[in-house]
Amino acid sequence: MLIFSALLLASCAAAANPAAGGSDSAGFWFGLWQGFIAPIAFLVSLFNHNVGIYEVHNNGAWYDFGYIVGLTIFFSGGTAGARTRPRASKGARP
């Protein structure tokens, strides 16, 4: 269980900032991932000033779109919100 927890936390770590020396800008998939881990990255950024929750070196609208989709998936629970509940029959009282 301890190893699983450590791997889970390590998988939520954001990648290094390409603006600090890289040439590639973040695109849709990186925005999707960072949007999904943004709440966790926000908590970490409260204690570590080297962690940001938004990649400033991105390719524009596609990164932003991926970021918003990632946030939506995180806060909506993925497909759990798409399930429908069975309706009660008209004659039955709740």
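A patch here is made of residues with over 30% relative accessible area and no salt bridge, and nonpolar side chains are joined within 5 Å. With that in hand, let's walk through this predicted model, starting at its surface.

Trp33, Phe36, Ile40, Val44, Ile73, Phe74 and Phe75 together make a nonpolar surface patch of about 610 Å². H4 supplies the largest share, with 3 residues. Trp33, for its part, sits in helix H2.

Now follow two of these helices to the place where they meet. The axes of H2 (residues 28–36) and H4 (residues 61–76) come within 6 Å of each other and cross at roughly 35 degrees. The crossing of H2 past H4 is right-handed. On the H2 side, the contact is made by Phe28, Phe30, Gly31, Leu32, Gln34, Gly35 and Phe36. H4 answers with Trp62, Tyr63, Phe65, Gly66, Tyr67, Val69, Gly70, Leu71, Ile73 and Phe74. Sorted by class, this contact holds 12 nonpolar and 5 polar residues, and no charged ones.

It is worth looking at both lists side by side.

Methods:
Residues are numbered from 1 along each chain as its sequence is written. This is a predicted model: local features need pLDDT of at least 70, side-chain atom pairs count only at pLDDT 80 or more; totals for chains, interfaces and linings use all residues. Side-chain values use heavy atoms; hydrogens and water are left out. Axes are lines fitted to C-alpha atoms, for helices over the stretch in contact, and angles run from 0 to 180 degrees between N-to-C directions. Helices (H or I, at least four residues) and strands (E, at least two) are DSSP runs, numbered from the N terminus. A crossing is left-handed if the near helix is turned anticlockwise from the far one by less than a right angle, and right-handed if clockwise. Contact means heavy atoms within 4.5 Å. Ala, Val, Leu, Ile, Met, Phe, Trp, Tyr, Cys and Pro count as nonpolar, Asp, Glu, Lys and Arg as charged, and the others, Gly among them, as polar. Patches are made of residues with over 30% relative accessible area and no salt bridge: like charges are joined within 9 Å, nonpolar side chains (Val, Leu, Ile, Met, Phe, Trp, Tyr) within 5 Å. Accessible areas come from the Shrake-Rupley method with a 1.4 Å probe; for residues, only the protein chains shown count as cover. A salt bridge is a side-chain nitrogen of Lys or Arg within 4 Å of a carboxyl oxygen of Asp or Glu.
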